[in-house]
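Here is a short report on one protein structure.

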Amino acid sequence: MNAPQNRDEALAAQPFDPTDERTLALIRTHLELTDPVPVDLTERVKFAMTVASLEAEIAHLMNDSALAGATRTTEYDRASTVTFESAGLSIMVTLEPVGNDLTRVRGWVTAPGADVELRERSRTQEATSDDEGRFVFERVEHGTVHLVIRRTDEPGARPVITPGIEI
């Protein structure tokens, strides 16, 4: 019974050779064709890591069934207002094109004075909601963004993070 284990160990101890390289190349090609990496995998991994590191509550998209039907065609209208909700917080954002691949993000949160962070691919912007819960980010690049809301009115409250918004 020890012979197969010793044989496997002996093979594993051999140096990496051209046969190994060809075998791995065939496996890679097969997997790329039959089970390609999702295009948005990097963004989803970053989102999951952010949520884990923040120990955040995740807000969910309101009325997502209407949006899902609209995205099944090749031509669709982009939503200009998106609403998210979590257990103790609602967030509404309005997207306004400002030219040159930039968008103004105006928002409202049910927690006045909350710290609002907008996370883009390569940068983070911060704002504080006013007494009415309003906030704005004037120049947001096109791409996927997430909002992280930290309540200042409830010490110790977990931050709330939205799913990605494609701008």
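The text below takes up the spaces first, then the surface, then the salt bridges.

This is a predicted model: local features need pLDDT of at least 70, side-chain atom pairs count only at pLDDT 80 or more, and totals for chains, interfaces and linings use all residues. Residues are numbered from 1 along each chain as its sequence is written, and side-chain values use heavy atoms, with hydrogens and water left out.

**Pocket and cavity**

Rolling a probe the size of a water molecule over the atoms shows where empty space is left. The search uses a 1 Å grid over the protein atoms alone. A cavity is a set of points where a 1.4 Å probe fits but cannot get out. A pocket is an open set with protein on both sides within 12 Å along at least five of seven lines. Lining residues have an atom within 4 Å of a point. Points are joined across faces, edges and corners, and a volume is the space filled by probe spheres set on the points.

The second largest pocket has a volume of about 190 Å³. Its lining counts 13 residues. Lys46, Thr50, Arg119, Glu120 and His146 lie nearest the centre of this pocket. Two elements give two or more residues to the lining: helix H3 (41-54) and strand E9 (144-150). Helices (H or I, at least four residues) and strands (E, at least two) are DSSP runs, numbered from the N terminus. H3 provides the largest share, 4 residues. By class, the pocket lining has 3 nonpolar, 4 polar and 6 charged residues. Here Ala, Val, Leu, Ile, Met, Phe, Trp, Tyr, Cys and Pro count as nonpolar, Asp, Glu, Lys and Arg as charged, and the others, Gly among them, as polar.

How many cavities of 30 Å³ or more are there? The count comes to 1. About 30 Å³ of space lies in the largest cavity. Glu120, Arg121, Glu141, His142, Gly143, Thr144 and Val145 line the largest cavity. That lining has 1 nonpolar, 3 polar and 3 charged residues.

**Surface patch**

Phe16, Leu24, Ile27 and Leu31 make a nonpolar surface patch of about 390 Å². Such a patch joins nonpolar side chains (Val, Leu, Ile, Met, Phe, Trp, Tyr) within 5 Å, from residues with over 30% relative accessible area and no salt bridge. Areas come from the Shrake-Rupley method with a 1.4 Å probe. Ile27 lies in helix H2 (residues 18-34). Ile27 is partly exposed, because its relative accessibility is 43%. Buried means under 20% relative accessible area, exposed over 50%, partly exposed in between.

**Salt bridges**

The structure holds 10 salt bridges. Each is a side-chain nitrogen of Lys or Arg within 4 Å of a carboxyl oxygen of Asp or Glu. The table lists some of them.

| Pair | N to O distance |
|---|---|
| Asp8 and Arg7 | 3.9 Å |
| Arg106 and Glu96 | 2.9 Å |
| Glu154 and Arg151 | 3.4 Å |

Arg106 lies in strand E5 (residues 102-109) and Glu96 in strand E4 (residues 90-99), so this pair ties together parts that are 10 residues apart in sequence. Arg106 is partly exposed at 40%, and Glu96 is partly exposed at 23%. A network of salt bridges links Glu96, Arg104, Arg106 and Glu138.

Asp8 is partly exposed at 44%, whereas Arg7 is exposed at 54%. Is Arg151 buried or exposed? Arg151 counts as buried, because its relative accessibility is 17%. Glu154 is partly exposed at 39%.

Key. Patches are made of residues with over 30% relative accessible area and no salt bridge: like charges are joined within 9 Å, nonpolar side chains (Val, Leu, Ile, Met, Phe, Trp, Tyr) within 5 Å. Buried means under 20% relative accessible area, exposed over 50%, partly exposed in between (1.4 Å probe, protein chains only).
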